[in-house]
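Welcome! Please take a moment with the sequence and the 3D view, and then read on for a short tour.

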Amino acid sequence: MAGGAARIFVSHLAGAPVFDPSGDQVGRVRDLVAMLRVGRRPPRVLGLVVEVIGRRRIFLPMTRVTGVESGQVITTGVLNVRRFEQRPTERLVLGELLDRRVRLVDGGDEVTVLDVAMRQLPARRDWEIDRVFVRRGARGALRRKGETLTVEWSAVTGFSLEEVGQGAESLVATFERMRPADLANALHHLTPKRRAEVAAALHDDRLADVLEELPEDDRIEILGKLKAERAADVLEAMDPDDAADLLSELPEDEKERLLTLMRPDDAADVRRLMSYEERTAGGLMTTEPIVLRPDATVADALARVRQQDLSPALAAQVYVCRPPDETPTGKFLGTVHFQRLLRDPPFTLVSAIVDTDLEPLSPDTPLPVVTSHLAAYNLVAAPVVDDSGSLLGAVTVDDVLDHLLPEDWRETEFGPEAEREAAHGA
């Protein structure tokens with residue numbers, strides 16, 4: 001590493017790519033592992049928790065790190081693909097040290113840990129945490145308020161104590177650039193206490209996105225620790241089909257209480273989805289596809305497709321229907337695919353380019369037929385229409401995959417490394 005004594009704040013390493021000597025990326029940093037020492041001696045950094053292919057988390061010792069610079073980590077190329085398991089004497093730096101309330105030795109002021117810095121010891125390959133970036137002021141204050149200062153590790157006390165009421169602002173800020181699926185994976189590997197603290201600190205929309213990616217047990221656990229009013233707000237922010245799936249796992253009285261607290265329109269969509277069998281087009285569909293009237297133009301359609309909160313599958317086509325514009329709509333006229341929108345002038349009416357060749361799905365279409373339909377016609381989504389010809393929603397390929405994969409697929413290793421391990425174990 002150039003300038004071996006250089007100091008690195010650990011929040012800058014969250015999500016940093018990890019490369020082998022040939023320049024091939026082998027994973028991303030998800031946390032750092034440190035060992036606290038007696039007295040006020042700086043903790044030793046043992047290694048990195050690296051997420052490799054298949055979301056497997058492995059331990060990369062610092063002795064196999066040859067460079068940490070420009071937001072990336074270079075390794076010797078030798079990786080042990082055994083799953084990382086935290087030992088009792090170890091601490092996860094991002095997951096357990098940030099947001100901790102500690103005290104300054106000089107004066108006894110209580111402060112919140114925003115970040116810590118590590119450095120490589122001269123003439124050695126060992127690393128230690130020697131600086132702590134803290135903020136004075138009560139917990140919950142905005143990060144931009146209150147005095148911040150960087151002090152020596154020995155200048156604070158309280159890291160060795162069992163944490164009670166640890167905040168989550170700094171950890172959330174560290175993870176803010178993660179995709180929802182990656183943040184969900186990070187949450188899954190936290191302790192239940194820490195997971196609840198991070199969930200409480202996330203905004204409703206962000207938490208909704210993350211809940212959609214979590215294993216079922218984690219989703220139920222997090223929702224159960226939220227106040228009922230906030231739980232209802234988060235359910236409103238979720239895709240209706242995901243909210244329906246989550247609510248269906250709750251006891252009947254709790255489910256009804258949350259539905260009552262939700263906005264009537266949102267609750268009506270969820271109740272409608274819950275009325276269908278789970279493994280049918282009606283049970284799989286979302287009730288919020290892009291719906292346009294026949295007199296809408298290609299320009300109107302493209303403006304809707306550009307909406308940032310749309311999934312790629314839902315943005316791949318628009319559905320042309322007579323009013324009303326919200327599901328269940330008036331008569332379904334057909335589909336306009338995104339590629340067709342790119343080929344026609346902006347002033348073209350969508351009714352002039354609608355695709356009527358493909359039959360829509362009925363809400364009671366079973367999952368195997370839905371899967372075959374998407375595969376046979378190379379579709380990423382398909383409309384669901386009732387007997388009266390009204391559009392009820394759309395089934396997307398990601399919802400189908402969720403029901404085709406094993407129930408524990410979010411916790412199961414997959415990809416080349418998992419296949420290699422399975423082969424060795426056979």
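## A loop residue and some helices

Arg64 is partly exposed, having a relative accessible area of 28% (buried means under 20%, exposed over 50% and partly exposed in between, using a 1.4 Å probe and protein chains only). This is a predicted model, where local features need pLDDT of at least 70, side-chain atom pairs count only at pLDDT 80 or more, and totals for chains, interfaces and linings use all residues. Residues are numbered from 1 along each chain as its sequence is written, and side-chain values use heavy atoms, leaving out hydrogens and water.

Arg64 sits in the loop between strand 5 and strand 6 (strands are DSSP runs of E with at least two residues, helices of H or I with at least four, numbered from the N terminus). Among the residues that Arg64 touches are Ile74, Thr76 and Arg125, not counting residues up to four places away in sequence; contact means heavy atoms within 4.5 Å. Thr76 is twelve residues from Arg64 along the chain, and their C-alpha atoms are separated by 5.4 Å.

| Helix | Residues | Residues in the contact |
|---|---|---|
| Helix 3 | residues 180–188 | Pro180, Leu183, Ala184, Leu187 |
| Helix 5 | residues 204–211 | Arg206, Asp209, Val210 |

Helix 3 and helix 5 are roughly perpendicular to each other (a word for angles of 65 to 115 degrees).

In helix 6, the buried residues include Asp218, Arg219, Ile222 and Leu223. They cover an arc of only 125° around the axis, so they lie on the same side of helix 6; the arc is that of the directions from the helix axis to the C-beta atoms. Helix 3 and helix 5 are among the elements covering the buried residues of helix 6.

Terms used:
Axes fitted to C-alpha atoms, helices over the stretch in contact; angles between N-to-C directions. Parallel < 35°, antiparallel > 145°, perpendicular 65-115°, else oblique.
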